[in-house]
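Visitor: Hi, could you walk me through this structure, one piece at a time?
Guide: Gladly; have a look at the structure, and then ask away.
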Amino acid sequence: MGIRRAFDEIMGKSGSMIPRSELAALGEWIESTPSNELRRRQQSAEATFRQLGITFAVYGESDASERIIPFDIVPRIFLANEWNRLSEGLVQRVEAINAFLHDIYGERRILAEGVLPADLIFGNPQFRPEIAGIRPPHDIWAHICGIDLVRTGPDDFYVLEDNARTPSGVSYMLENREAMLRLCPELFRSFRVAAVDSYPDKLLETMKSVAPIGVASPVCVVLTPGHYNSAYYEHSFLADSMGVELVEAADLVVDDDIVWMRTIAGLVKVDVIYRRIDDDYLDPLVFRPDSMLGVPGLIAAYAAGNVALLNAPGNGIADDKAIYSYMPEIVKFYSGSEPKLPNVETWRCREPQALKYVLDNLKDVVVKLVDGSGGYGMLVGPTATKAEIETFRAALIAEPHRYIAQPTLALSTVPTLADAGLAPRHVDFRPFVLTGSKGVQVVPGGLTRVALKEGSLVVNSSQGGGTKDSFVLMDNGAGEQAQVSDAFGQAQVQTMGQPL
Amino acid sequence: MLSRTASSLYWLGRYVERADFIARLVEATVRLDVLSPRPAGEAAWASALAVTETDAAFAKTGQSITKTNVARFLTLDASHPGSIVRALDMARNNAKAVRTALTREAWTAINGAWLVFDRRASAGNATATLNLVESVKAETRGFEGAIHRMLRNQTTWFIRLGQAIERADNTARLLDVKYHILLPEGERVGGVVDRDQWTTILQTVSAVTAYRWLYSEGLRPANVIDLLIARSELPRSLAASVEEAVDILNLLAKRTGLHGEADRMARARHARIARTRSGQVIAGGLHQYLQGFIGENDQLHEAVGRQFKFS
Amino acid sequence: MRLSVDHRTTYHFSAPQARLTQMLRLIPEDTHDQSVTGWNLHVDCDARMRHGRDGFGNRVTMLYVAGPISDIEIAVSGEVLTHPSNGIVHGGQEPLPPALFLRDTPLTRADADIAEFAMAIGESDPVAWLHALNIAINRRFALDHGRPIAGRTAIEAFAEGSVSSRDMAQVFIASARATGVAARYVSGYSPVCQAEADGRPAPHGWAEAYVERLGWVAFDPSTGLSADTAYVRVAVALDSAGAAPVAGSRLGEGFETLDVDLHVERDGQ
């Protein structure tokens, strides 16, 4: 699994010093900017993040320390035609997720037609019977999706994971771009980069569009668990940039199946809630009676159609790792066509044959807990010690249904500032997809996570990952048409002027 | 604005003001203790406990009333609500809950004040104690400045409303306790006075220089009482605090359209204090007057909570 | 059989509450085996009520009371006609398939002891097995007529000697699911195990298990029999918490005390 074999998003080949012809301008920039200057800018960006309080808490660290996620100054870049193809796949997938949720909590056609095994749904704790039968306003469930992608070649994108509950990270997309605009303005003269700063406006537009029918000027809020939550910065950032209130559960009250917020001027009716708290803590009357958190009556208000919840409760059944391996079938079932974005090949360890294969090949595969996240409970075979492999072998034999396994992919790399200068590091990508009553839109950008350790494939921030800005170009780069590589030969190359 | 936010801002104001007041009180008491030519130390520290209403809590610790014990108790002892460290802790918790409504500068000041106390065990000798309270005062001054540089909107008004109401309470308490100790019943105002003791009062409310400007006739208890009650030129006087509460409630009413019992109560109180003559107050019984004022102030606090639906 | 129910639940609060929000599952539904001929839900204070259904198809009443309020009485009374059905439920609201009722919950999880207990029941016919399980649980425990202990799990109950009807039902459910039989909790009313005059009454709880070709069949381990005409079925769920007659939340200081007054009578057998 050598890093040298991987595809490099900028250089074409990991470790190469010559950029892909479309991205020649980035090569020039790298060449003309000494790495100590790059380092200085990077430190300046990180100092700003620290000042803004863009921190996260690390689970398992005793002193509840707050850390910033390291930022890397070299952007990853998508050409317009790459992006357009990717977007189509994302739209198709998110539409399928919405259709699936609508179906699974309603008619359950997909089970009736035998596309999915019923026990996969009904035995899954992510299927919430408490909200079965409820139809959200406008029948939209997954308003804000973060789809985690990896890339192994110029045209080879794979979905690693769907996030249809409360995907986070969009504040990094925006703050990273702010930092790049401030620290590397010359890059935005070399490249026509699509803006991401309208995200809060688009999010607010999405929220308003899914308000209950008949509400003329809907009141929208962001619901946070509070300032102890590791993503609190993002919650307050989004509320502030949309100009809506950031509320906690105690600020909301339900009366007569209507949600109100407590303000100094009395109760104000709330129509749309972007909630960043888990289903379990939404309403103690319905989900967790032992929880003191939550808004009693919220689900009743939602069931009565008096409030929109983004994302809808119960969405966990769509992004569960056990469901993931069926996503190609799900996409095909609802869209009627082949998935434009493939899954990573996945062995379901609940199936005896798959389990046998995984046990025989533990040192080559990645094993994941079906209900794990954040890189916890994960085995990366090629970099694991013998002892780690044996621990997982025992766990797999004891509870095979809790695990899936995937091949170790040659994740693409992007040049990244390391101790000894620029070096290729593996990345993944989380674009954000918004679904409102007027349709689905993909924000031209996203969160690129980078594994800062040489050769590492684990990009999670809790495991030493960092982030990069992700440029989406409005054209196909600086190369002349003839120089566009074969992989992009079919695409429309726009030749609009490039201000230099 | 969310009620919770308004409530946190208001309490932030109250706790910062309280921390600042206790710091001044400790500072003035240290000076009195050090400068006093006779062993008046114990009485000075006992009165500091009375002013902060912590005498009962202190008695529970079983310690003797000495400079070291009381100074530590009022600054660093987190076990009771009358210490600086507790006031700052509460201020910081409220600030955290409304972190995004504050400027970085305002937050840093609160956090800085809190950090002064983080993991400190002893207030040390007189000089160390003075240094400690001086650094608290510096941070609260920084906070005050930051508040004045913030947008003039509901956020700052709720903080300042909390400060004004806390300040009125603190000044009234200070005057009540000190006066009671210095002039036991039956003694005539204007008799032989203990200069140092009266200076302590002025120091606690930063009014030594103001006194000299306003009164040409040397240190007299009746003048000190007049200054602290009726002179709105002095920011920490009752009159000034009462006036500020009215002004801020007016600003809030203009912005939010919310007029209510707190406004009516504050205006009525303001009208009364404008007619108040300190001479009459002394003749009629200062203690009763101040107790009445403190009770009224509590009622105004409650009315603010109801008017802006804090709970 | 004609059953009449009079059920009063009173909460007293030690300090006035600013707000009460309660979710009530107190209204039975017509099935082929039970006809609700009259039913009233009454609250003794100004309250807003909204009717709906939960995910299991149960009728739910949201009750909203603005304070200050120091006590509240929720009263239901009514009459239900039941028809013999050998415990089989016909014509119920079934929005969720039996497969859902195989999953465990914290209250109905089985441990090795419960699993072993269930496995030891040596009947191969599914219905006979369920009856044997029902009888085995009935014999294992003495029935405690008192009010059930809130939050007690099947595993905890299994270690006790004397438990409530709710506990027995949850042990039944845990045992059935441990052997792959779908089972669920039912809350409702029955005179069969009503307390003596001095007992503290509570709504009744029993279980239903799914049998191919028959459908849902009701078992009451507190009698060791199938639940039949002497039962008013009100709500079903994965466990007793999900079918709770009253789930509430209050905004205010202090503690609450609960009084329940319940009379279930059969007229004209």
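Visitor: How many residues of chain A are in contact with chain B?
Guide: This is a predicted model, and in it 15 residues of chain A are in contact with 14 residues of chain B.
Visitor: Which elements of chain A supply at least two residues each to that side?
Guide: They are α9 (232-242), β9 (245-247) and β11 (258-263) of chain A, and of these β11(A) gives the most, with 3 residues.
Visitor: And what does that side look like by class?
Guide: The side of chain A that touches chain B has 5 nonpolar, 5 polar and 5 charged residues.
Visitor: Which chains have the most contacts between them?
Guide: Among the 2 pairs of chains that touch, the most contacts are between chains A and C, where 23 residues of chain C are in contact with 22 residues of chain A.
Visitor: Which elements of chain C give two or more residues there?
Guide: On the side of chain C that touches chain A, these are β1 (2-24), β3 (48-53), β4 (59-82) and β12 (246-251) of chain C, and β3(C) gives the most, with 4 residues. By class, that side of chain C has 13 nonpolar, 4 polar and 6 charged residues.
Visitor: How far apart are chain B and chain C?
Guide: Chain B and chain C do not touch, and their nearest C-alpha atoms are 10 Å apart.
Visitor: Back to α9(A), then. How does it cross α8(A)?
Guide: The axes of helix α8 (residues 199-209) of chain A and α9(A) come within 9 Å of each other and cross at roughly 80°, which means that α8(A) is roughly perpendicular to α9(A).
Visitor: Which residues meet there?
Guide: Pro200(A), Leu203(A) and Leu204(A) in α8(A) meet Leu238(A), Ser241(A) and Met242(A) in α9(A), and the residues of this contact divide into 5 nonpolar, 1 polar and no charged.
Visitor: Which strands does α9(A) lie across?
Guide: Helix α9(A) lies across β8 and β9 of chain A, and it runs at about 150° to β9(A).
Visitor: What order do the strands have in that open sheet?
Guide: The open sheet has 4 strands in the order β9-β8-β13-β14 (chain A), with parallel pairing. Because β9 and β14 (308-310) of chain A stand at the edges with a single partner strand each, one side of each is left without a neighbour in the sheet. From one strand to the next, the twist averages 30°.
Visitor: How many bridges join β8(A) to β9(A)?
Guide: Strand β8 (residues 220-223) of chain A is joined to β9(A) by 3 bridges, and the two run parallel; Val222(A) stands opposite Leu246(A) in β9(A).
Visitor: New topic: which residues touch the most other members of the largest nonpolar core?
Guide: That core has 305 residues, and Phe100(A), Ala19(B), Phe172(C), Ala207(C) and Ala209(C) touch the most other members. Helix α1 (residues 3-35) of chain B gives the most to this core, with 16 residues.
Visitor: What is Phe172(C) in contact with, leaving aside its neighbours within four places in sequence?
Guide: Phe172(C) is then in contact with Leu133(C), Asn134(C), Ile137(C), Ala183(C), Ala207(C), Phe219(C) and Pro221(C).

Note on methods
Residues are numbered from 1 along each chain as its sequence is written. Chains are lettered from A and ligands numbered from 1 in the order in which they are written. This is a predicted model: local features need pLDDT of at least 70, side-chain atom pairs count only at pLDDT 80 or more; totals for chains, interfaces and linings use all residues. Two residues are in contact if their C-beta atoms, placed from the backbone, lie within 7 Å. Ala, Val, Leu, Ile, Met, Phe, Trp, Tyr, Cys and Pro count as nonpolar, Asp, Glu, Lys and Arg as charged, and the others, Gly among them, as polar. A nonpolar core is a set of buried Ala, Val, Leu, Ile, Met, Phe, Trp, Tyr and Cys residues joined through C-beta atoms within 7 Å. A residue is buried if 20 or more other C-beta atoms lie within 10 Å of its own, exposed if 12 or fewer, and partly exposed in between; C-beta atoms are placed from the backbone. Axes are lines fitted to C-alpha atoms, for helices over the stretch in contact, and angles run from 0 to 180 degrees between N-to-C directions. Angles under 35 degrees count as roughly parallel, over 145 as roughly antiparallel, 65 to 115 as roughly perpendicular and the rest as oblique. Two strands pair if DSSP finds at least two bridges between them.
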